[in-house]
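Here are my notes on this one, as numbered points. Have the viewer open while you read.

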Amino acid sequence: MRPFGNDITNFGSNNSGGNGGANGGNRGNNNGGNNVRGGNNAPNNETNNEGTSDGTTDATTRGGEDHNASDEITPTDSSNESSNESIEDPRLPAHIARIGGIATCSPIAGRGIIRVVHRCEDAKENEHLDLSECQLMTLPDAVYHLMRNTVLKSCDLSGNDLKSITPKFTQKFSAITDLNLSSNNLSRLPDELANMTALAKLNISRNSFIVLPQVIFKLESLTHLDAQENKIYEIDTDEAIVSNTLVVVDLRNNPLGSLCRRKLQNLETSFRLEISNDDEDDW
């Protein structure tokens, strides 16, 4: 299944699914027409088959049949309705189905949408939004719509295909205390993350960070940072590793440069800094 785009209805299979249903309906009508006209078609088929011996004849013959069928039989709306019914999912809430024409999605994409919608509905009850393993490339706008009246306390976006966190996310969910962004493709965090003043736990492990983002140390309530298994080579400045609230910073399994490693090993901090020994980093 292809990862979700910014629009929760933006799937690569939309057009192919719709066209496939339409083509299937047309083929059904054409075949039906051929059956009605069976006596007339048989001689034509025999003539065409006798006239050629390579593999292209069969395709030409079918094309001719389709053309004749469309000339004599007018497609009805019932074929389109049956094709739409095959890809609609009655479990999809009506207020979500109205957003962007979700009813045109393929069955696989529809199931993914339903999973996201159901998890948003659950978050209204427990204030925890779990969108892990949903193949998201960005957070769909429909999620913001669904959660507009809910104050989230935690959010799990791990195991997706996220390449960025938008300022909109930090604005809409500024009350989050626990944010899990692990196992994505993130390489930076927005400066607006500093506006999440309640954020205490942040997990950015197993991403693509090369430099530890300085905005992390501007989070006034942050106590635990997990940045394991990235590509972090260095930390920009001395100021970037100063914090009055941090308890643990985990930088294990990162390819820290030798100068940066020595600097961190000799650094006196108010928090516990965990880094791997040289022989523990598998790079």
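1. Start with F169. Setting aside neighbours within four places in sequence, F169 is in contact with L139, Y144, C155, L157, I176, L179 and M196; contact here means heavy atoms within 4.5 Å.

2. F169 also turns up in the largest nonpolar core, which has 49 residues; F169, L189 and L202 touch the most other members. A nonpolar core is a set of buried Ala, Val, Leu, Ile, Met, Phe, Trp, Tyr and Cys residues joined through side-chain atoms within 4.5 Å. Helix 6 (107-126), helix 7 (141-146) and helix 9 (258-265) are the elements giving two or more residues to this core, and helix 6 supplies the largest share, five residues.

3. Before you read on, the ground rules. This is a predicted model, where local features need pLDDT of at least 70 and side-chain atom pairs count only at pLDDT 80 or more, while totals for chains, interfaces and linings use all residues. Residues are numbered from 1 along each chain as its sequence is written, and side-chain values use heavy atoms, with hydrogens and water left out.

4. The overall picture: the chain has nine helices and seven strands. These are DSSP runs numbered from the N terminus, helices being H or I with at least four residues and strands E with at least two. Of the 283 residues, 38% count as buried (under 20% relative accessible area; exposed is over 50%, partly exposed in between, 1.4 Å probe, protein chains only). Among contacts between residues at least 6 apart in sequence, 52% join residues at least 24 apart. The chain exposes about 15200 Å², with carbon and sulfur atoms supplying 45% of that; the areas come from the Shrake-Rupley method with a 1.4 Å probe, and for residues only the protein chains shown count as cover.

5. Now A175, which lies in the loop between helix 8 (167-172) and strand 3 (178-180). A175 counts as partly exposed because its relative accessibility is 26%. Leaving out neighbours within four places in sequence, A175 contacts V151, L152, K153 and A198. The C-alpha atoms of A175 and L152 are 6.4 Å apart, with the two residues 23 apart along the chain.

6. Last, Q228, in the loop between strand 5 (224-226) and strand 6 (248-250). Is Q228 buried or exposed? Q228 is buried, because its relative accessible area is 16%. Its side chain makes a polar contact with the side chain of D250 at 3.1 Å (a pair of N or O atoms within 3.5 Å; within protein, one must be able to donate a hydrogen and the other to accept it, and residues adjacent in sequence count only if both atoms are side-chain atoms). Beyond four places in sequence, the contacts of Q228 include S205, R206, R252, N253 and N254.
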